[in-house]
Amino acid sequence: MPFFAGEIFISEVYKKPVLDQTGEEIGKLKDIIVGLGEPFPAVTSVVISSGQDTYLVSWDMINLFNRRVISVNARMDALKPSEIASSDILIFRDLLDKQIVDINGAKLVRVNDLELGEVKGKLCLVAADIGLRGLLRRLGVEKRGEKFLALLKYKLQHKLISWTYVQTVEPKLTRLTLRVSRQKVSSLHPADLAEIISEVSQKERTAMFGSLDVDTAAEALHELEPRVQADIIDEMSKERASDILERMPPDEAADVLGDLPEAKAQELINLMEKEEAEDVQELMEHEDNTAGGLMTTEFLAFPPDMTVEEAIKELRLEAPDVETIYYLYIVDQDEHVNGVVSLKNLILAMPQTLLGDIMLTPVKTLPLDAEQKDVAEFISKYNLLAAPVVDEKAVLRGIVTVDDVLDFLLPTASRKKRRKL
Amino acid sequence: MSGDEQPVKFVEWIKKIKDRRIFLILAVIGPGVIAGNAGNDAGGIATYSIVGAREGYGLLWVLVLLTGALAVVQEMSSRMGVVTGKGFGDLVREQFGVKVTLGIMLLFIVANLTVTIAEFAGIAASMELFGVHKNISVPLSAFLVWLVVVKGNFKQVERFLLLISMIYLTYVVSGVMSNPPWHEVARQIALPRIRMDRDYILLVITMVGTTITPYMQFYLQSAVVDKGVRVEEYGYAKFDVYAGAFMTIFIAFFIVLATGTILHPAGVVVDSAEEAAQALQPLAGQFASHLFAVGLLNASVLAAFVLPLATAYGLSEAFGWESGVNKSFREAPQFLGFYTAFIMIGAGVIMIPNAPLIKIMFLSQTVNGILLPFVLIIMLRLVNDPTIMGNYVNSKRMNIIAWITISILILLTVLLLVTSFAMD
C-alpha cells in the first residue's frame with residue numbers, strides 16, 4: 001500500500017526521479033495512467049522513462065509517492081520495458097493544458113495543473129487547477145509569484161474545480177466523465193450547454209453531444225445556430241437524430257428540419273413516429289418567418305360546454321404535452337375559435353361553471369401567412385403570452401408563443417451575438 | 001392552393017442560387033485576404049518604396065518567389081485553424097506546455113507591440129502629409145480602431161477590413177500611372193542582375209522579413225476559427241488564402257513599380273514611406289503624392305487593427321481566456337482588455353515627443369526575426385501530427401515544398417539578424 005501525504009499536484013512530480021527498492025534511480029516520472037473510477041478517476045500505473053526505454057509500473061507496486069521521494073517496491077532488473085497502449089489515458093499527455101468544461105461556471109477553461117488525492121484508499125484525480133496559481137506552479141515560481149503579487153495587494157487565489165464538476169472535451173476522454181458530472185451536464189441550462197458546444201472544435205462537439213441523453217440533447221439542439229445544428233445532425237446516426245427530433249416540440253423540430261437539405265430532412269421525418277412526423281410536416285409547409293412557420297400545434301383546446309372542474313382534470317392530463325397551459329382556447333365542433341380562458345380565470349372560477357361562460361370573446365387571431373414583424377407587433381400590442389393562428393376557414397391551427405418572437409423583438413445590439421455567416 | 005405554390009418555388013430558387021459556388025466562396029473569403037494584406041503594413045510600404053527607389057526593378061524577382069513562400073505558409077496556418085477549430089496559441093499550449101508557450105508569447109508581445117507602434121507612426125506620418133497634426137490623427141485613429149472591434153460583431157469587422165483592403169488598389173493606380181516601360185520590367189524579372197554586395201542582400205532579406213511575419217500566421221488561424229469556417233469549406237478557405245497571398249504581392253509589386261519608375265531614374269534617395277510620398281510630388285505631381293500618402297494611411301490603419309487582434313487572440317488562446325470579436329467586455333475581459341491596452345500603448349508611444357522610433361523599428365525587426373523560425377518550425381511539427389490534423393496532414397510533396405521554403409526563410413532571417421547586429 002503506497003504511502004503518500006495529503007494532496008499532491010501533478011506538476012510537482014513531473015520528471016522527478018523514481019527509485020527502485022535499493023534506492024537506485026530507474027528513470028524519471030514521465031506520465032501517469034488513469035482509469036475509470038467512481039467517484040473519481042483512479043491512478044492505475046506510472047510511466048517512467050529512462051533514455052529510450054519506457055517502464056509501466058502498476059500502482060500497487062509503488063512504495064512511496066510524495067514530493068520528495070517516489071519509489072517502487074521492486075528491483076530495477078525485475079522491471080521490463082513496455083509500451084503505452086493507444087487506449088490508455090495519460091494525465092500529462094491527454095489532460096494537462098487541454099480544455100475542459102467547468103460545469104459550475106458553465107464555460108470552457110484550460111487545465112493548468114491537476115491535483116491528486118486519496119479517495120477510498122486509492123490515489124485519484126480529484127481536481128483541476130484552472131487559475132493563475134496553477135500556471136505559476138508549472139513554471140516553478142508559485143511562492144515567489146505569490147509574494148510578488150502580495151506586494152501589489154493582489155491575493156493569489158486557488159482556483160480548483162472538483163473533478164465531479166468537470167466534463168472533458170476531447171473525444172477520447174469522454175469515458176472519464178463521471179456519472180455525476182454527466183448528470184450535472186444535463187442540469188446545465190440548454191442555452192449554456194449550447195454555447196459551450198458551439199465553442200469547441202468539430203470533433204469534440206460530436207463527442208460531447210453524443211454523450212448527452214436524448215432529452216438534454218433535444219433541448220440543447222434547438223438553442224444552437226442552424227449551421228451547427230445541421231452539422232451535428234449530419235454527424236450522428238439517423239435513428240438517434242430522429243429520436244431527438246421526436247422529443248423536441250414540433251415547431252422547434254420543424255425549424256431544424258427546415259434548415260437541412262430536403263432529402264435528409266425527408267429521411268429523418270420518415271424515421272419519426274407517425275404522429276410527431278405529421279405535426280412537423282404540417283408546420284414545415286409554412287414559410288419560416290410567418291405565423292404558420294413560427295407556431296406550434298401543441299395547444300389546449302376545449303369545448304364551451306365543458307365545466308371548469310372537467311377542464312382542470314383534462315389540463316392535468318394534457319399539460320406535459322402542450323407548449324403552454326396559460327391560455328385555454330375554446331373551440332366549437334368545427335374547430336373555430338370562440339373564446340379564450342386564461343389559467344388565472346380558470347382557477348378563480350367555481351368548479352361547475354361552464355367554460356363558455358367565463359371565456360373572453362371575441363378572440364384576436366393571426367392568419368397563417370402573417371409576417372414575423374406583424375406577429376411580434378400583435379403579441380406586443382395585446383400583451384399576450386401566446387397568439388392563436390387560424391387559417392382561411394377560421395379553424396384554429398396553432399399558437400405562436402412569445403419566446404418565438406422574442407429574438408425578433410430585441411434591439412439589434414444584442415442580435416450581434418449570433419455568429420451567423 | 002396554387003397561390004401558396006408560387007412563393008414556395010421562388011424561395012427554393014433563391015436557395016439554389018445560394019448554394020452556387022460563387023456565394024460560398026464569397027462567404028468564406030476574408031481571413032486570408034486580410035491577413036495577407038496586413039503584411040503590407042507601414043513597415044512593408046516603407047520597405048517596398050525604398051526598394052523601388054534604390055534598385056528600380058532589380059528586386060521584382062524576389063516578389064515573384066515570395067508569392068509562393070507566402071502561399072505555402074499561409075495555407076498551413078489556415079488548414080490548421082479549419083481542421084482543428086483551434087488557434088495557434090491553443091495548439092502551442094496544448095502540445096508544448098506552459099514554458100514553451102510563455103516564451104513564445106513574450107516574444108510575440110514584444111514583437112507585436114513594436115510593430116503596432118510602427119503602425120501608429122505610419123498613421124501620424126501620412127496624416128502629416130495632409131497637414132493634420134499627429135496629436136489629432138493618432139488619438140482619433142486609435143479610437144476608431146478600438147470602437148470598431150469592441151462594438152462590432154465578426155461579420156461587421158471583417159467587412160470593414162475587407163473594404164479597407166480594397167483601398168490598397170490605389171497603389172496599383174500609382175504604379176500604372178507612372179507609365180513604366182513594361183518590356184523592361186518583364187526583362188528584369190525574368191533575367192535579374194543579382195549583385196552580391198551587402199546592401200542588395202540586405203534589401204532582399206528585409207523584403208522577406210516584412211512579408212512573412214508571425215502575427216499574420218497567428219491572426220489568420222485565429223480569424224478562421226472565430227469565423228467558424230468548417231472543414232467542408234476548406235476548399236474555399238484555400239482559395240481565400242491564395243487570393244490573399246496573390247493580392248499582397250500584387251500590391252507590393254506596384255509600389256516597387258511606382259517608386260522604381262519615378263524615383264529611381266532621378267536618383268532620389270528615400271529612407272521612409274512618407275519621404276517617398278513627398279519625393280513623388282516634384283517628379284510626378286501632387287496626385288501621385290496624395291495617392292501614396294493615402295496608401296500609407298490605409299496600410300497603417302489595417303495593420304493597426306490586425307496587430308492588437310492577433311496578440312489578443314494569441315494570449316487568450318494560450319492562457320485559456322474567452323476570446324472572440326463578437327464577445328462583450330463582460331464575456332471576454334482579457335481578450336478585449338489586451339486589445340485595448342495594445343492600442344493605447346501603441347498610440348501613446350507615438351504621442352511622446354522625440355520617441356526613439358528608429359530604435360523601436362530595429363527592435364521590432366529583431367524580435368520578429370527571432371520569433372519567426374520558432375513559429376515556422378512549430379507550425380511544421382503541428383501540421384504533420386496526425387493526432388491533431390487527422391487526414392489533413394501534409395502530403396509528402398507538400399512537406400518537401402514546405403521544408404525548402406521554411407529552411408530558406410529561416411536562413412534569410414538569421415542572416416538578417418546577424419547583419420543587423422554586425423552593423424551596430
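Guide: Two strands count as paired if DSSP finds at least two bridges between them. Strands (E, at least two residues) and helices (H or I, at least four) are DSSP runs, numbered from the N terminus. This is a predicted model, in which local features need pLDDT of at least 70, side-chain atom pairs count only at pLDDT 80 or more, and totals for chains, interfaces and linings use all residues. Residues are numbered from 1 along each chain as its sequence is written, and chains are lettered from A, with ligands numbered from 1, in the order in which they are written.

Visitor: How do you know that β9 and β10 of chain A pair?

Guide: Strand β9 (residues 99–102) and β10 of chain A share 4 bridges in the antiparallel sense, and the rule asks for at least two. In one of them, A:V101 has A:L108 of β10(A) as its bridge partner.

Visitor: What is the order of the strands in the open sheet of chain A?

Guide: The order is β10-β9-β14, with antiparallel pairing.

Visitor: What radius of gyration does chain A have, against a compact globule of 421 residues?

Guide: Chain A has 30 Å, whereas such a globule would be near 22 Å. The radius is taken over C-alpha atoms, and the globule rule is 2.2 Å times the number of residues to the power 0.38.
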